Amino acid sequence: MLAGAFAAVVFSFLTGSAFIGILAAIAAAVLFSLFYSLFVTTLKTNNFAIGFALNIFVSSLTLYLSRIMFPGQNAFNSPKIAAIPKCKIDFGIKIVNDIFSDFSLLVYFAFILVFLISYVIYKTPFGLWLRAAGSQPEALTKSGKKVSMVQYAASAMTGVLCGIAGAQLSLSNVVMFSKDMTGGRGFIALAIILISNGKPLTALLLSIFFGLFEGISIQLQSTAIPAQFLFMLPYLMAIGTLIVMNVTKTKKEKMHSLNKPKTMKLNGRLS
């Protein structure tokens, strides 16, 4: 996401086109996603270790390139950076307009993507291969499909989505690039994936939920509440939600094990 945000700003600034900035963000994110897959899928290294290493690498790389291209700055802002156009929809009711109108085109596209991806995952052969590549790779291999190819395809698709997210962040939320501007949003996304168990519609609802708390933290910055606590709020909610979900899951598993019929061994026979 951070690589996408950086590429979007650079190419939007150089070309004066937000669309080219979005394409550059997608290309950069896909490149790093495939680089990640090289280690995880081909070289069989630990995915979390490579993920953390890649995060540190991209953070340092974008800061280094930013200082080379825009000397002496940890952030870059210019009127030459073309922002993503916003879509104003008049629903005739002010409160509805405030909630659903005046967002960038990528926001509305993201909602469409949720349903499109849900269809691909659950209604197409590729979606079945995709789910099997993660949960039952042996079964996918026996069916004649190459697990590694499906995993690389999944990684490339992830890169497209991360690139779109980075472009939205740097060309719409704020029209600039700054050091580590993603601010841990990738970890929030990871928490959402774990909580939702990878289900797109559930992930959408959780994303809106965490976005709400981030919005609340921004609105409360004018109060006497310490800013550091407000910045922690969305992440505290992510941790709290994970804890609640894990506790609930553990209780369900215990109840399931208690309700399972027990077998008793009598005289060498099971009854």
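Modeller: Contact here means heavy atoms within 4.5 Å of each other. The structure under discussion is a predicted model.

Colleague: Among contacts between residues at least 6 apart in sequence, what percentage join residues at least 24 apart?

Modeller: The protein has 11 helices and 6 strands, and its C-alpha trace spans about 85 × 45 × 40 Å along the principal axes. When the contacts between residues at least 6 apart in sequence are taken as the reference set, the share that joins residues at least 24 apart is 61%.

Colleague: What percentage of the residues in the protein is buried?

Modeller: A residue counts as buried when its relative accessible area is under 20%. The accessible surface of the protein comes to about 17200 Å², with 70% of this belonging to carbon and sulfur atoms. Of the 271 residues in the protein, the buried ones make up 31%.

Colleague: Is helix α1 largely enclosed by the rest of the structure or left open?

Modeller: Helix α1 covers residues 2-15 and reaches 20 Å from its first C-alpha to its last, close to the 20 Å expected at 1.5 Å a residue. The buried residues of α1, among them Leu2, Phe6, Val9 and Val10, pack against α2, α3, β1, α8 and β4. Because 10 of its 14 residues are buried, α1 is largely enclosed.

Colleague: Which residue follows α1, with a positive phi?

Modeller: Helix α1 ends at residue 15, and the residue that comes after the helix has a phi near 75 degrees. That residue is Gly16.

Colleague: How many nonpolar residues are in the lining of the second largest pocket?

Modeller: The second largest pocket, with a volume of about 160 Å³, is lined by 13 residues, and Ala3, Phe6, Ala7, Ala28 and Leu65 lie nearest its centre. Helices α1, α2 and α3 each supply at least two residues of this lining. The lining contains no charged residue and 1 polar residue, and its nonpolar residues number 12.

Colleague: Is Lys44, with its positive phi, buried or exposed?

Modeller: Lys44 is not a glycine, yet its phi is about 60 degrees, and its place is in the loop between α2 and α3. Exposed residues are those over 50% relative accessible area. With a relative accessible area of 65%, Lys44 is therefore exposed.

Colleague: Where is Asn197 found, and what is its relative accessibility?

Modeller: Asn197, a residue other than glycine, has a positive phi near 60 degrees. Asn197 lies in the loop between α9 (185-196) and α10 (200-219). Asn197 counts as exposed, and its relative accessibility is 63%.

Methods: Residues numbered from 1 in each chain as written. Predicted model: local features only at pLDDT ≥ 70, side-chain atom pairs only at ≥ 80, totals over all residues. Heavy atoms only, no water. Helix = DSSP H or I, 4+ residues; strand = E, 2+ residues; numbered from the N terminus. Expected span 1.5 Å × (residues − 1). Buried < 20%, exposed > 50% of the residue type's maximum accessible area, 1.4 Å probe, protein only. 1 Å grid on protein atoms, 1.4 Å probe; cavity = no way out; pocket = protein on both sides within 12 Å on 5 of 7 lines; lining within 4 Å. Points joined across faces, edges and corners; volume = space filled by probe spheres on them. Nonpolar A, V, L, I, M, F, W, Y, C, P; charged D, E, K, R; others polar. Areas by Shrake-Rupley, 256 points an atom, 1.4 Å probe, with all protein chains shown as cover.
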